[in-house]
Amino acid sequence: MTHPAVVAEVTTRLAAAGIGPARAEARWLVQHVVAEGSAASPQPGWTDRLEALVRRRQAHEPLQLLLGSWPFRGVELLLEPGVFLPRPETEVVAGLAVEYAAAAGTGAVVAEPCTGSGAIAASLLAEVPGVTVHATDIDPRAVDLARRNLGRVDGANRFAVHHGDLLDPLPHGLRGHLDLLVANPPYLPAADADHLDAEVAGHDPAAALFGGEVGHEVVDRLLVLAMTWLRPAGVVVLELDTRLAAAALTTAAGVGFATAELVRDLAGRQRALVARVPATAEAVGCTRDAGTVHHRAGAGS
Ligand SMILES: C[S@@+](CC[C@H](N)C(=O)[O-])C[C@H]1O[C@@H](n2cnc3c(N)ncnc32)[C@H](O)[C@@H]1O
C-alpha cells in the first residue's frame, strides 16, 4: 500500500473513533513511523508499529504521548505519561513571560512554579538571553522530565528545577528579588472532574488539573506569594480559568498589586492575569493602606 493510501485508511479509522482532526493526526502517525527509516524505504515492521499506534489513538491516548515529543513555541519538548501535556493556550502565557523577562534586562531572574514538562521555562531559556529560571513542581515525575527538557535547551545551566510546593524550595535569598513569576497552575474547579474529555481524564494527573473546590485556590496562593517574592515593580503572569478571571483581578487588587489586567488567548478567552508590584516598598504600604490599587479590569484585547 502507498503512503497516501495508508494515510487514507488510518484517517477513516480515527474518524470512526471520534478523533476530530483525523486526517492531520493520521499524517502525523504515518510520518512518525516512516521517519524511523528513510523516505524511500521505511524500516521493516513499520506497518506493525503503525498499527499499534493507531490502536492506542483509537483508545484516545493523546497523540503527543504516542509521538513522544511535541513542539511548544520554538522548542521540541519530550512528553511522557503522568506529566501534564502542554496546551496551545499556554504558548500565549509563555509569550507574555518572554516579553516581561526580556524587558527586565540581562540577568533577569524568573520563578516558574508548577512547571510540568518545563514548557514555559524552556521558552524563557530559549528566547531570553541571560535569563535564569527557577522552576518547581510537586510531582517528582514532572521534575525529572522538566530537568531533561531544560537541559536540552540550555547547555549553560541557567536553570534549576526544584521539587516541592510552589515557591517553598527556592533559595531564600531570592525573596524580594525576582523580576518575574510565571505559572500555569492547576485551576479547574473540582466539579469539572465529571465533564473531562477522555484524553484529559485518562492521562493528565489530577494534581495538574484541579485547584480545589473553587478552582483558583492555587492561583490565589501564588498571588499572595508573588507580593513577597517579586522585587518592586516585578511582574506576575498567571494562566487562569476564564470563568474565574474577573475574580482573579479582584484578588490581585486586594493583595496589593499596583496594576492588574487580563489578556486573551488565541480563542479570545480571558486566559492570563498580568499584575505588577508597586515600584517602591513605600508604595506597597500606601497602596494597601489607602486601598488605591490601580485596577484595569477587562483591559485584555
Ligand atoms: C496545569 S499543569 C501545568 C504544567 C506546565 N506549566 C504547562 O503549562 O504545561 C500544573 C502543574 O502544577 C503542578 N503542581 C500542582 N500543585 C503544585 C504545587 N502545590 N506546587 C508545585 N507544583 C504543583 C502539577 O504537578 C503540574 O505539573
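Predicted model: local features only at pLDDT ≥ 70, side-chain atom pairs only at ≥ 80, totals over all residues.
Residues are numbered from 1 along each chain as its sequence is written, and side-chain values use heavy atoms, with hydrogens and water left out.

**View A. The ligand sits among 18 surrounding residues.** C114, D137, D165, L166 and N184 are the closest of them (a residue is near a molecule if one of its heavy atoms lies within 4 Å of it).

**View B. D137, D165 and T115 each place a polar atom by the ligand.** For D137, an N or O atom in the side chain is 2.6 Å from a ligand oxygen. The side chain of D165 has an N or O atom 2.6 Å from a ligand nitrogen. With T115 it's a polar backbone atom, 3.3 Å from a nitrogen of the ligand. Taken alone the ligand exposes 600 Å², and the protein buries 95% of that (Shrake-Rupley method, 1.4 Å probe).

**View C. Here is the largest cavity, with about 30 Å³ of space.** The count comes to 1 cavity of 30 Å³ or more. A cavity here is a set of points, on a 1 Å grid over the protein atoms alone, where a 1.4 Å probe fits but cannot get out; lining residues have an atom within 4 Å of a point. Its volume is the space filled by probe spheres set on the points, which are joined across faces, edges and corners. Q64, W70, P71, F72, L77, L79 and P86 line the largest cavity, and they divide into 6 nonpolar, 1 polar and no charged. Strand β1 (residues 69-72) gives the largest share of that lining, 3 residues (strands are DSSP runs of E, at least two residues; helices are H or I, at least four; both are numbered from the N terminus).

**View D. D265 lies in the loop between β10 (259-264) and β11 (270-276).** D265 counts as buried because its relative accessibility is 6% (buried means under 20% relative accessible area, with a 1.4 Å probe and protein chains only). A polar atom of the D265 side chain lies 2.9 Å from the backbone nitrogen of A267.

**View E. A142 belongs to helix α7 (residues 140-153).** At 3% relative accessibility, A142 counts as buried. A142 and R276 are 134 residues apart along the chain, and 29 Å separates their C-alpha atoms.

How values were computed. Polar contact = N/O pair within 3.5 Å; in protein donor to acceptor, adjacent residues only side chain to side chain. 1 Å grid on protein atoms, 1.4 Å probe; cavity = no way out; pocket = protein on both sides within 12 Å on 5 of 7 lines; lining within 4 Å. Nonpolar A, V, L, I, M, F, W, Y, C, P; charged D, E, K, R; others polar. Buried < 20%, exposed > 50% of the residue type's maximum accessible area, 1.4 Å probe, protein only.
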